[in-house]
Amino acid sequence: MMAGGLTGLRGSLCLEIRTVAMRRGAEELRLDCRIFFHDKCFDGACSASLFMRFHRECVKTADSFSFRGLVHRAGGLFDEAEFGGGENAIVDFKYSASAKVTWWFDHHLSAFLTAEDEADFKRGQADGSQVLRKFYDATYTSCTGLIADIARDTFGMNVEPLQELIYWANIVDGAKYESAKAAVEMAEPAMKLTMVIESSSGNELVPRLIPLLTEMSLQEVLEQGFVQELLGPLMARHWAGLELIRERSRLERGVITFDITDQPTEGYNKFIPYYLHPEGTYNVGLSKSSFRVKVSVGTNPWTTKTADELVNLAAICERYGGGGHARVGAISFPPDREDAARVAVAEIVAELQGADLPSAEMTRAKR
Ligand SMILES: [Mn+2]
């Protein structure tokens, strides 16, 4: 019943869009679809690719597609002048109430920047005008998965050929790696592509990758010359980071610690400590970049401990002016305050070691 109703609606919707496009006249018939996506994010790139294929197969009104990455920043996220005269789609990123935005898909908990934006979205859902155009569901692990389900269930798209893409978007966006080995050795093409996408600077690489993601397998995307060129140096940096942390880290009473402040870095794979010390419950790392000294505090994602046996790391980091989530947090110090950062590290390590009682002792203590 429901499906039939939606199918009917879909038919008339497509017809209406085509009539509008026809009326524009030969010269104006070229309709561009601008896809705005979450930049430097594997799920963002996959979402843009899947949306393009969906638009091509089910909406069929665009002659060309272009891609623009969006990043979170203070103040306004959108520049109204960036939206074009044709279709404007936002995927895997916050809502925009601009009348020029014709499609929106998101799954983030914080999808609305303001109460007005949320009210605008709800208005369009309530009066039916945006029901088939704007989609929000925070229960989805990836936006790619959300677009795929809507495209299949509401618009009848065949998403079977895209299962590999959807599977990996869920793994990467949900950080659901099966093991520290999978996360650190990065044998899967999706892992390597994620690293390439996350380390991209400038705005040329991801728009170049997007059309390929739904056209070929992830392995074939990875084999492209322009991807291989970037991958080589990134993998070399990754292996060097692994060796450095191997040399510096140690595990004591459930807590892995390391200090690499003498080797400034703009980042390292955060699963390395658990790969080297699988028995560790927590990890407290001290690193330095051009603009800060960073204390990183994390929980082993593959720990066998239950949620109530684990410490809330956000609460600890907040005490030192940092923050984060229950399982992972960080504190930043100015580059010249390494001393203060070391004091924080020592205190946090002692606290976590005290909290990391073996499960049996924990059970006894609770009785
Ligand atoms: Mn996402």
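Two residues count as in contact here if their C-beta atoms, placed from the backbone, lie within 7 Å. This is a predicted model, so local features need pLDDT of at least 70 and side-chain atom pairs count only at pLDDT 80 or more, while totals for chains, interfaces and linings use all residues. Residues are numbered from 1 along each chain as its sequence is written.

**View A. Helix 3 meets helix 5.** From helix 3 (residues 42-59), Asp43, Cys46, Ser47, Leu50, Phe51, Phe54 and Cys58 touch Cys143, Thr144, Ile147, Ala148 and Ala151 of helix 5. Sorted by class, that contact has nine nonpolar, two polar and one charged residues (Ala, Val, Leu, Ile, Met, Phe, Trp, Tyr, Cys and Pro are nonpolar; Asp, Glu, Lys and Arg are charged; the others, Gly among them, are polar).

**View B. How the axes of helix 3 and helix 5 cross.** The two axes, lines fitted to C-alpha atoms over the stretch in contact, come within 8 Å and cross at roughly 15°. That makes helix 3 roughly parallel to helix 5 (angles under 35 degrees).

**View C. Strand 3, mostly covered.** Look at residues 87-91: five of five are buried, meaning 20 or more other C-beta atoms lie within 10 Å of a residue's own. Glu87, Ala89 and Val91 point one way, with Asn88 and Ile90 pointing the other.

**View D. The neighbours of strand 3.** Strand 1 (residues 32-38) pairs with strand 3 in the parallel sense over five bridges (pairing takes at least two DSSP bridges), and Ile35 has Ala89 as its bridge partner. Strand 4 (residues 103-106) also runs parallel to strand 3, joined by three bridges; here Val91 partners Phe105.

Notes: A residue is buried if 20 or more other C-beta atoms lie within 10 Å of its own, exposed if 12 or fewer, and partly exposed in between; C-beta atoms are placed from the backbone. Helices (H or I, at least four residues) and strands (E, at least two) are DSSP runs, numbered from the N terminus. Axes are lines fitted to C-alpha atoms, for helices over the stretch in contact, and angles run from 0 to 180 degrees between N-to-C directions. Angles under 35 degrees count as roughly parallel, over 145 as roughly antiparallel, 65 to 115 as roughly perpendicular and the rest as oblique.
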